[in-house]
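Have a look at the structure first, then read on.

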Amino acid sequence: MMASTDEAKIIRTLERMTSNKASFAGLAEALGGKWTPEMVRAKAEALDREESSAVFVVRGGVQYFGVETCRDPGLYKVVRRGIERKWAASESIPRPQVEPTFKLSTKLGPWTRPDFVISSQRVIGGVPVTQFHAVEVEQQGGFDIRSVYQAYEQGRGAHFSWVFFAGPMKPEDEWARIKVAAKDCGVGLVHTPRPSAPAGWKTLLRAKLATPKPADLNGFRTRCGLFA
């Protein structure tokens, strides 16, 4: 087990870096003192093996996926890429366009916009239709039953609402409550234990198709800046 002080130093340093990512040598230089690239690699690999850790060894070095509020969160970047490159196809979502909406102004208040909106072009009954998926992304330790209701509220006016969550699964009794709430709300649940490896993501519950009224759909698009 690595010292928590070392883990905290690594996390604090990665939080300040672009996409919360660094090479082993770059992180060692930023940490200073006793740190060498070899020590950073060893500590990062130890953290990577810890189910409760949000520090992972990735291509090019080490990355932290436990923060959503910094200027350039790496978690959002890898989830967006995973949706576009693999997950959307696995869920038969054609021609996905993923719009990052987490950077929009919060002046409308909490729970008004999802982190991402996936727009998808379908042909239904010979008519081209655009469907919208509202996506809430939860960092390690940030997922609980409230995430379901947040996704439901943020997805008002969309055709589908989802929660993507990192970290280990919840205990069985807590997970049962979350799943019941998600079913009631029609919210889909996607587990991303390793956010940068979408091959290991698992859709645990599929979102239900909603049929929003035109006014509600227009309201969703307006909130999310999708008319530009």
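## A link across the chain

R194 and D48 meet through their side chains in a salt bridge, with 2.8 Å from N to O. R194 sits in the loop between strand 8 (187-191) and strand 9 (202-205), while D48 belongs to helix 3, so this pair ties together parts that are 146 residues apart in sequence. R194 is partly exposed, at a relative accessible area of 28%. Keep in mind that you're looking at a predicted model.

How many salt bridges does a search of the whole structure find? It turns up 9. Side chains of opposite charge can pair when their charged atoms come close. Take K34 and D6: they form a salt bridge whose closest N and O atoms are 3.8 Å apart. This pair also links distant parts of the chain, with K34 in the loop between helix 2 (24-31) and helix 3, and D6 in helix 1 (residues 4-15), 28 residues apart. D6 is buried, because its relative accessible area is 6% and buried means under 20%. K43 joins in as well: D6, K34 and K43 are linked in a network of salt bridges.

Then there's R41, which forms a salt bridge with E45, the closest N and O atoms being 3.8 Å apart. Both lie in helix 3, and because they are 4 residues apart, about one helical turn separates them. R41 counts as partly exposed at 40% relative accessibility, and E45 counts as partly exposed at 31%.

Next up is an open sheet of 3 strands, in the order 1-3-2 and with antiparallel pairing. Strand 1 and strand 2 (55-58) are the edge strands, each pairing on one side only. Strands of a sheet pair through backbone hydrogen bonds, either parallel or antiparallel. Strand 1 and strand 3 (residues 61-64) run antiparallel and are joined by 2 bridges. If you want to find the spot, look at A22, whose bridge partner in strand 3 is V62.

## Out on the surface

Which residues form a positive surface patch? They are K21, R59, R81 and R85. K21 takes us back to the sheet, since it lies in strand 1 (residues 21-22), and K21 is partly exposed with a relative accessible area of 35%.

S52 is exposed, with a relative accessible area of 58%. The C-alpha atoms of S52 and E172 are separated by 17 Å, and the two residues are 120 residues apart along the chain.

Conventions. Residues numbered from 1 in each chain as written. Predicted model: local features only at pLDDT ≥ 70, side-chain atom pairs only at ≥ 80, totals over all residues. Heavy atoms only, no water. Patch = residues over 30% accessible without salt bridge, like charges linked within 9 Å, V, L, I, M, F, W, Y side chains within 5 Å. Areas by Shrake-Rupley, 256 points an atom, 1.4 Å probe, with all protein chains shown as cover. Salt bridge = Lys/Arg side-chain N within 4 Å of Asp/Glu carboxyl O. Lys, Arg positive; Asp, Glu negative; His and termini not counted. Charge placed at Lys NZ, Arg CZ, Asp CG, Glu CD. Buried < 20%, exposed > 50% of the residue type's maximum accessible area, 1.4 Å probe, protein only. Pairing = 2+ DSSP bridges.
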